[in-house]
Each structure stands twice: as structure tokens, then as C-alpha cells.
Amino acid sequence: MDVLTIKKLIDRLFPIVRSITGDGFRQSLAIISDYLPLETKSIPSGEQVFDWTIPREWVIRSAFLKDETGRIVCSLEQSSLSVISYSEPVDQWLALDELKPHLHFIENLPDAIPYVTSYYKPGWGFCLPYNVYKKLPEGRYHAFIDSEFIDGELNYAELTLLGNSDNLVLLSSYLCHPSLANNELSGPIVLALVYQLLQKRTDRYFSYRFLINPETIGSIAYLSREGESLKNNMAAGMVLTCLGGPSDCLSYKKTRQNCSLIDKTIEHLRCTGVIPLTIREFTPVDGSDERQYCSPGFNLPMGQIARTVYGQYDGYHNSLDTPEFMGIEPLIKSADDICSILHALEYAGKFINLSPYCEPQLGRRNLYPNVNSSNHWKDSSDVHLKDRTFLNSLLMILNYSDGENDMVDIADRCEVSLLELIPVIDKLIENKLLKRA
Amino acid sequence: MDVLTIKKLIDRLFPIVRSITGDGFRQSLAIISDYLPLETKSIPSGEQVFDWTIPREWVIRSAFLKDETGRIVCSLEQSSLSVISYSEPVDQWLALDELKPHLHFIENLPDAIPYVTSYYKPGWGFCLPYNVYKKLPEGRYHAFIDSEFIDGELNYAELTLLGNSDNLVLLSSYLCHPSLANNELSGPIVLALVYQLLQKRTDRYFSYRFLINPETIGSIAYLSREGESLKNNMAAGMVLTCLGGPSDCLSYKKTRQNCSLIDKTIEHLRCTGVIPLTIREFTPVDGSDERQYCSPGFNLPMGQIARTVYGQYDGYHNSLDTPEFMGIEPLIKSADDICSILHALEYAGKFINLSPYCEPQLGRRNLYPNVNSSNHWKDSSDVHLKDRTFLNSLLMILNYSDGENDMVDIADRCEVSLLELIPVIDKLIENKLLKRA
Amino acid sequence: MDVLTIKKLIDRLFPIVRSITGDGFRQSLAIISDYLPLETKSIPSGEQVFDWTIPREWVIRSAFLKDETGRIVCSLEQSSLSVISYSEPVDQWLALDELKPHLHFIENLPDAIPYVTSYYKPGWGFCLPYNVYKKLPEGRYHAFIDSEFIDGELNYAELTLLGNSDNLVLLSSYLCHPSLANNELSGPIVLALVYQLLQKRTDRYFSYRFLINPETIGSIAYLSREGESLKNNMAAGMVLTCLGGPSDCLSYKKTRQNCSLIDKTIEHLRCTGVIPLTIREFTPVDGSDERQYCSPGFNLPMGQIARTVYGQYDGYHNSLDTPEFMGIEPLIKSADDICSILHALEYAGKFINLSPYCEPQLGRRNLYPNVNSSNHWKDSSDVHLKDRTFLNSLLMILNYSDGENDMVDIADRCEVSLLELIPVIDKLIENKLLKRA
């Protein structure tokens, strides 16, 4: 996707009134599927998923708050953030004092409309700028919300891109927030960009699964279906969120396992300076869907990748989180860096030396100089034999590919980046001296 | 026990001529039992206990050293420290040079009478201040010790206060030194104080065993009876010794296991500043009965708690270790701090999240805000929901209560003290989301 | 061996034209066997050893390079380094340009003749100083090498000195380089010196095996015969190389296991300052026969001991590596220090406390003061009871000899050198309180 295509995609997705269920969510999935051909699944309202129950679908048709004069204070037409998600229907005149408990704003961001939800507790409310709120005159107000709860379904959508092995990398994002850019649209859009890059490659080692669901309840529902299977074949995963924004580099939140393969790989890429990155420790206290994947019953190697992180910018969960704030270049850069990480990850695991008793005779394979003269190095016709680093890496890989050390360990011992080892690994595999563990 | 009661108890115990066996020891047990209702046990003289043999009882009736003029140089009547414990009977006139090998003193503490024993090697001797020793004139001396060795028994005394589980905390002290305060009476007295505090609590998780024995041979004898059983049910333990004295804070000697639950708990309490403490590493080179509990065949999680530690004050093992040096306030403070440690220890172990697959739905249990608006936090009627620290701790406890992490680990992750987690743990247990592992 | 004997041995060995096979190698083995009575073994040319094939024997009778005028540019008579080892026969006139690819020299050491081999790639060549090379006039040259390849054998030679146990320490060196001193003769000569020191001792715990082979192919051949057996009974080992030279102290390259018993012991001896040492990490990238022993299929605890290390001095692999550079005193010092290391190693393993339940009663064995008076320490007739360090070490050894800690761990805990513990260990064994694990 080029910049223009991305811009058009954002324009289509941004205005939709989305929530964790319903037409807005399905419509958004349909749009993103133009670029990432997902298959949509459903779980019926009322089904028990672990400790939770799939909620009914919320239908929202219209919502406004008017003063005595008929002037609109706020309305769904003005902003999809104006009404609390999952508000009950209401059609009522109230005095200002009666109304106030139903109004939400952010005092220190007086022009922003906050994003408020109440999925599991009946109620209703409006969200508006503090500058509007504070000037509301005494008097009576007309609160009108035309909403409905219906037995329907919860949806998620997925696609698996097969690789040379069944080992699965799960890339997940969510799509339930209305009219928020960095903390909503950036995730699914980068997911689509990563898909388009990966599907061009024919030599994928991992299979890659792309998943979009409503946050929290969606991943709980997904895990109720797929959790046990993921325990068996998931090699690594990342939740994609907040991947636009002005920050210089990606920010990775580690998995609960703390030193799983993806954690080690990303830490290594950061330390060797190959990909600029900051790293956050795992915590269940905040974050996104990784909180469910990393609950102790699953403890899956699911990290989270972001750029300008939730809670660290003013626009988080309010109307300042605009497409302008997000930007398109950061989305493209995020997708590129994520693909580099995944490329390294494919070589990060354990390999096995197929000739482990003494050194193999590398000379007859033209992998070692046959004449031990310093002249030789300069004169060799074989490019990689001119490069002592190549030979040293080769000897290290053979010696330490014993089923204990993974390739991150070996790259660290070599004091080179894992990416630099890839041609050496490929050469050893070609010579039948190495295979994947 | 109030200050006056403690003072009277000291006055009764201090003058008694005690040794590792005999009437003095039994009489002392009877007195302490007025406050700590112990049951006395016995093992007959001559019984083999591991590599040792229970010695015969030592009966001491009278002892003095007189000069030619009949003037008393030292006598048992003057000080119970005057005669070497387990001295053989003697009634003999000797020249000063013959006498000198039988005299013990401390040259650099010239007014102190040392405490000397010779339980397992036949012999006799007197202990006296160096200032007296150095002025002894040439001439003949009358050494008289009316002692006897009889087939009797070795005694120890114990009491178990039951809790909600069979897991046992063993609190042990010794009572064999005569007329020494900090390094003798402080241990049993603090043991009695701790007993009185713990028996008031009805919600004890652990069972607590209180034990008093003669040092070294007593714990060896006790372990010959109870060692195998302790291997099965002992969660932790401490030897109580030297708990009076002027030092600012308690001093804990770690168990040989080095990171057993009680070691971790006390290290945590020290680091979080909840209880001022210094910590000593385990060593078999000096110390008290923990040397036996921590011998490699048992390796029990037995620490040692002290205040002004043996060997670190002038009065150690001599007549300067008086009730005045010991003080009563430090005894009370020691008992209070030990009870705080034990309270923390009851919550220090592993717990299990009963809803480990994804997060449980905390909102419907009123443990999580149902509306994700910053307004909500301020307005919640539920006290603990106003407190983000409470919720964060709750999420951490649920996520890490996986059978691997104990509550000290989790408190360290939360960067709060274990004591602050206790109400959160209780709330989760009440909601059936957590149980003890 | 005294200095003169060593000097004569060097004079006999230095001029021999050696390679990895053939008469030169066998002749050298015969000479060294006057001091180290090795038994020579053979493996026939053509046999497969792991990934390698035993090469044919190289017979070299004569070699020279002459210019048009018949003047000798270089010849085997002048230096055994002049011809590339395993050169094919040649008798040919060439123009200077045709000749140059066959000439080897070291530009930045213009007077040195390099040491060059081409065991596994057919070819021929001469080695000469750069100062000679650069003045070669245009014209034609007569290259003459009278060599032959015959079906013969590869030889190695070994000797096992039995100890009290089957646990084997393998001391290996190589003897295939011609006319190089530090990086050739130092290894076998120190091996002979160590043999003569060890065979005088009657209380050897380990059995010691002495091995000399041609480098790389020799150890690969040896491992094809003995590798599986070494996996069972090899406690430790060292490759001896470059043990002459002016460096202040020995330099130890760790085994691939990184913390095997010999690694721990040598690290401990270095830290306690008992033997001055530098330590190198294991690497498969350079080194000697330990690369084969430490290949992942074997992973034997084989270190390498050197003094002035290959690659760290100008004369490495060229004619500057003379007997004068090597020196005789460093050889003797190396042998002495290696014997000290081996003595410590014999006590470095695990021991078991035979009285592990409580402390044993040391007093009745005269290992602990029977009277607890400070006077006693000074007056004891038993030397080791005057020494509190002895008693402390004894208590530490008993407490930690639990099958988990080895004696290096215990020495570190005691903060003394392992050598200081040896008399305490011997005393405990004599008292039947300790045995080897």
C-alpha cells in the first residue's frame, strides 16, 4: 500500500461508530479486508467464555443532548465519541444537576472529548469538551439516545499465511474504538501492511496468523476457541497497537515469560543497534490483549509492539487522537521494522550441528583455507574465505549448535547481530552441516 | 506481660545455678512455664543421640577457693559463674603454681568473671576476675568443690499452638547458662512474650511450636526425637538468642538454605523498610542451636534472631552480661518485631489464581471500575476502587499466583511491602479468586 | 631433568623435518620417549575418522630452489621450514612470474621464514624471507622437490600413570611442526617434565594419561578410538602448548563447559593468588587440539595451558620461534605450576560428611576445644587447635560436604585457598568423618 492508499483507508475507517459488537465493527472488518483478506467468525451473545459472558449487540441509531432552546450541546452526528459506548436508550428532560452525573469530560484537556465505555454496567451518558461543559447554563436539558440491545454475536476475523513449519507467529490487533487514530486504526493498518510484505516472501519459516478482534472480550473469546491449540504451536506473537505517532522508534512490551524467543530476539536487536527500540517489562496492570494471552493459565509468548504508547500522549482515549496526530510515515516505518524483527525471529531458534564429533573437514567443502598461509586469505577466490568474520561465525555456530544454545545466544557470543549470521547459517544448511532443531 | 512482671521473672531466674542438666535447669523451666505453659520431656543419661551420648547429671552443692588464711578467693555463693560447669569434686590444698592451671579469667576485662564449661572432659576449675587473680600471693590454697555425677536425664520442654494448617513454625531457645542475662534469659523471656501475643490471635495460618532446651546437646537430643518429623512439616523456624541489649534493631542470621521462605520474607521486610533489621549470612562456624538444625543431614529452614549479638559486646560469656545491660524495653520490642515478621510470613508463601484463563471479570465483583472514565475513580463509592494501587496489586497477584511465584516475589514486583498486600489477598480469597497453594 | 638435559633434548629435536605423518614424527617420538616412556600407536592411511580421512604419509627427501646461475635461493638443508609441508614432487624450470604463486613470505617480518602447510590440497611451494623474495631478479628458476606420498600410517603415543581412582586427567600435546620451539617443542618437553614430577608421588588420586599426537588430525584420530571411553572416565584435561616464552605467568583457556571442575579450580587459584595466571574464555575459533575435545558431540572438560600464547608473539609460525626465544627456565616453571594445579585439582571435587545429622562430637576426637575458655586456645598442646582458622575450616567442610558443594565452593566460602584446606580434609578423612563423593 502506498501513502495515498493508506490515507484513503483511514478516511473510510475513521468516522464509523464502532463498539465491541455490532454493525460498525463488521463494517470496519469488511473495509480492512480489502487489504488483508480476513475470514470473519462469530460467537453468539450469551455464550460463556471463561469467566465472562458474550454481551448482546449494541445498536446505536441516534443520540443528542439539547438545551431548553433546542440548541444541540453534543450529538453522535458531531462525534462518534459523544455517547458512552453501550449507553441504554433514554428520552428524558433533566435539570442540569440531574444531568451532570451523566456527563464526562477532561478538565485538563478542555477541548477534548473523552472516550468512555460502560459495556457491562447498565447506564447512559454523554462525552463533551470541558469548555462546553463548564458553560452549560442552569435549566432543563433533553437527553435522547436511540439505542437497543439485541441478541446477536461477537465477531473476530483471522487469516493464516502458511510457512515451512507449523510453528505459528500470531499478530493480533483490535478494532472496536470509534474515531480514534493512533490508539485504534494504527494497529489494523500496520497489520495489513505487514501482511502485504510477508505474503511476498516465499521462504517463510513460520506460519503467520493475522487476527483482529474487539479488545479484551474479543481475545478472551478467541482464546476460548483457540487457546489450547496455541499452547501447542505458537512460537511467538505480538499485539499491534498505537503504531502511529511521532515517537522515534518502536516500543516493545515483553511477554510474561520474560525471556521467550521473541523477547531475546528483540533485546538482541536493540543491543546490537540493528533496529532502534525501547523495551518495556511485562505487566498485567495495563496494556491491551496481551493481558489475556499472558494470563497464567495460558502464559503464551505474546508481546506487544507500539510506537507512541497509550497513556504517554495527551490524545490517549480522547478526540485529540486524530489521523493528523498519527501520521502515515510512522505506520509504514512500523511495518518495515516489524518485518525485520520477524525475519530475525525466523533464525533465532535452535539449530543442530549435523557433524558434532570433532570439527568437520571444512577445507574440502571450500569453507576453510586449505593452505595455512596469511597470503592465502588475501588471494582466495572465494569471497567468504577472505572474510575471517565469516569463518569465525561459522565455527561458533557449529560448536554451539548443540540443542542448548539458540542462535541469539550464538550471535551474542560472536558479538555480531543475528542478521549477520543468516548467510552463514544458510551456507551451513546448504552444506548439510546444520539443520533446524 | 508488663514491664513489672518481666522484671520479677528475671529476678527469679537470674540467680539459679544452671547447667545443661540437673535441678537448676528443671527449676528454671518450671518458672518460665508460669508464662509459657511448656510440657517437659526427658532423655536418660547414657542414651546415644547421633554422634553424642547424653551426659550424666551434674549435681553441684558447694564450691569455694580459700587462701592459707581462710579468706575466700571465690565461691559459688558469690557467683554461679565461679565454678567451671561440670567440675569434678575436689578437696585439696595446692601451691599457687599447682592451682594456676585451674584458674580462668579475662585479662582485658579485669573485673569480669568468665563463664567456662567442660561438659565432656573431666577436670575442675574456678573462674575469677583478673584483678583478683593477679594479686593472689604465693602460698597454699584450698580448692573445694562438692559435686557429683549421677545417672539422671536431660530435659527439654515444648508446647505447640495449633493453627489452620499443620505447617509448623519452630521457635526455639535455650536455658542452660547460669546468671547471664542477654545471652541466656532474653531468649526464653521473648519466647514467652511471643507466645502470649500469638495465642491471642485466632486466625493463625501456621502452627507454632515453642521449645526450650539446653544448648547444643539439647537440640541434638531433640532432633534425635523429632528431626525426621520436622523434615516433613516444618515451614520455618528461628532460634531466639541475645534479644536484649542496646542495639537499635533485630539481627537475623539466615538459614543454611539461604533463600528459604523466612529468609526471603525477612530480606523483603528489611528492604522495604517495614522492620529495621540487619541480616547475617549463615555460617556453621559460630552461633547457637541453628548449627544443629542446619547440619547437612537435616538442612532445616532454621534461622536465628538476635539483637545485641553474642561476641559483639564485652559482656558476652562473662559476669558483665547483667539484667541491667539487657534491659526490658528491648525484650518487648524484640517480641513485637518477631510477631510482625511471623504475620508477614503467614502470607509469604505461594497462592493459586482460581480463574487463571484470561483475567476474571472483576467488574461484576465490584473489584474493577465498570466505566472506564477518569471521572469514575474519584467518584467511586467503593473505597478500594479509588485506590489505583489496590487494583494494580490485585492484577499482579492474580497474574503471578501461578504456583511458581510466592507472595514475596509478587510484593517485590509490585514494589510494595508484603504487609500492604494482605488486605488485597484477603479480598481475593473472599471472592474465591485465590487460594493458598 | 636438569637444565642441561633439557638443552640436549631440544638440540636433538629441533632440526628434525617433521610433519603430521612419517619418519620425522616417529623419530621425534622415539627421542621424547627417553624421558616419557610412551607407547606408540598407529592408524593406517585411508581410514575414515569421523568427517576426515587419515592422509597418506609424506616422504620428503630433498628440496631446493635455484636461480639461473645455480645459486640456491632456499633449500630444505638450510631450513626445515623452506618447503611447504605435504608439497608434491616437482622438478621444473619457471619464470619468476610463474614461480611467485608458489612462494610464501611475511612482508612485515622481512627476515622470517613462514611455516606453511597444505595437507589436504595438492600443490607445492617454498617459504623464504621477504628480504630474499623481494630481491629475486627476473629470470628462470629451478624448483626441485623430491617428495612422495605412500600408504603408511598416522601415529600417536600415550602412557597412563595409574592413581587411586579410574578418574582420568588427560594431558595432551602435539609434535608435528618442524624447527619451531615455543609453538612445538615446549609442549612435549613440559609434558615429560610433568610426568617425571607426578610419577614420584605415590598418593595420586587421579590416573594421568600423557598423549602426544600430530595436531588436529591426530586428536581427531585419537577421539575416534578413545572418545566414548573418555566421556565416561575423564575428570579433566589440558592441551599443553606454547609453554616457553618470556611471559610472566601461565595462561589458561577454559573448557567449553566453562565451569567444569578444572575451570573452577584454576579460577579459584588465580583469585586467591596462589598461582599467577591469566584466563582466556573458551572459543572454537582458534587454539589447538581442545577444539576437537570440545566439539559439541564430545564436550569434554579439556582446557588448554600455555604461557606465551600462539598469535601473541612475532615468532608465531615462523623461523623467529627459536630455542633462544623459548628459554629453559619458563619450561621448568610451567611444569611446576601445572603440578600445583593438578595437586589442587585432586582435592577440588565433592566430599561427603559421614556424620551429617547434627555436628559430630569433635571434642572427643581432639578436634574441638573441650573447655570453652579463651585461655584454652593459647595453651592447647594440639597445634591445630591453637589455630581458629583450622577449626573454622573444619566446621565449614563438614557442613557443606553434602553432595552439592565441591571443595572449591567450600574454599570460596571459607575465603581461603583450596591448598590450605588440604590438611583439614586429610584430618577429617583420617577421623572417618569425611570421604570422597
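This is a predicted model: local features need pLDDT of at least 70, side-chain atom pairs count only at pLDDT 80 or more; totals for chains, interfaces and linings use all residues.
Helices, taken as H or I runs of at least four residues, and strands, taken as E runs of at least two, are DSSP runs numbered from the N terminus. By that numbering, helix α12 of chain C, residues 388-400, gives the most to the lining of the largest cavity, with 3 residues.

**Chain B against chain A**

- On the side of chain B, 24 residues are in contact with 29 residues of chain A, and the two chains bury about 2,400 Å² between them, with 48% of that area on carbon and sulfur atoms.
- The residues of chain B that lose the most area to chain A are B:Y357, B:C358 and B:E359, which together make up 27% of what that side buries.
- One of these residues, B:E359, also forms a salt bridge with A:R291, in which the closest N and O atoms are 2.6 Å apart.
- Across this interface of chain B and chain A the rule finds 4 salt bridges, and it finds 14 residue pairs in polar contact, counting pairs in which both residues are at pLDDT 80 or more.
- Helix α12 of chain B, residues 388-400, gives the most to the side of chain B that touches chain A, with 7 residues.
- Sorted by class, the side of chain B that touches chain A has 10 nonpolar, 9 polar and 5 charged residues.

**Chain B against chain C**

- Here 29 residues of chain B are in contact with 24 residues of chain C, and chain B and chain C bury about 2,400 Å² between them, 48% of it on carbon and sulfur atoms.
- In chain B, the residues that lose the most area to chain C are B:D51, B:P284 and B:V285, together 25% of what that side buries.
- B:D51 takes part in a salt bridge as well, its side chain meeting that of C:R365 at 2.7 Å, N to O.
- The rule finds 4 salt bridges across the interface of chain B and chain C, while the count of residue pairs in polar contact between these chains, both residues at pLDDT 80 or more, is 14.
- The elements that give two or more residues to the side of chain B that touches chain C are β7 (103-104), α6 (217-233) and α8 (290-293) of chain B, and the largest share, 4 residues, comes from α6(B).
- The residues on that side of chain B divide into 15 nonpolar, 8 polar and 6 charged.

**Cavities**

- A search of the whole structure finds 6 cavities of 30 Å³ or more, and about 100 Å³ of space lies in the largest cavity.
- The largest cavity is lined by 13 residues, of which C:E359, C:P360, C:L395, C:L398 and C:N399 lie nearest its centre.
- By class, the lining of the largest cavity has 7 nonpolar, 4 polar and 2 charged residues.

**Salt bridges over all chains**

- Over all chains the count by this rule comes to 72 salt bridges.
- One of the salt bridges joins the side chains of A:R26 and A:E153, at 4.0 Å from N to O.
- This pair links distant parts of the chain, 127 residues apart, with A:R26 in helix α2 (residues 23-32) of chain A and A:E153 in strand β10 (residues 153-161) of chain A.

Terms used
Residues are numbered from 1 along each chain as its sequence is written. Chains are lettered from A and ligands numbered from 1 in the order in which they are written. Side-chain values use heavy atoms; hydrogens and water are left out. Contact means heavy atoms within 4.5 Å. Buried area is the accessible area (1.4 Å probe) that two parts lose on being put together, summed over both. A polar contact is a pair of N or O atoms within 3.5 Å; within protein, one must be able to donate a hydrogen and the other to accept it, and residues adjacent in sequence count only if both atoms are side-chain atoms. Ala, Val, Leu, Ile, Met, Phe, Trp, Tyr, Cys and Pro count as nonpolar, Asp, Glu, Lys and Arg as charged, and the others, Gly among them, as polar. On a 1 Å grid over the protein atoms alone, a cavity is a set of points where a 1.4 Å probe fits but cannot get out, and a pocket is an open set with protein on both sides within 12 Å along at least five of seven lines; lining residues have an atom within 4 Å of a point. Grid points are joined across faces, edges and corners, and a volume is the space filled by probe spheres set on the points.
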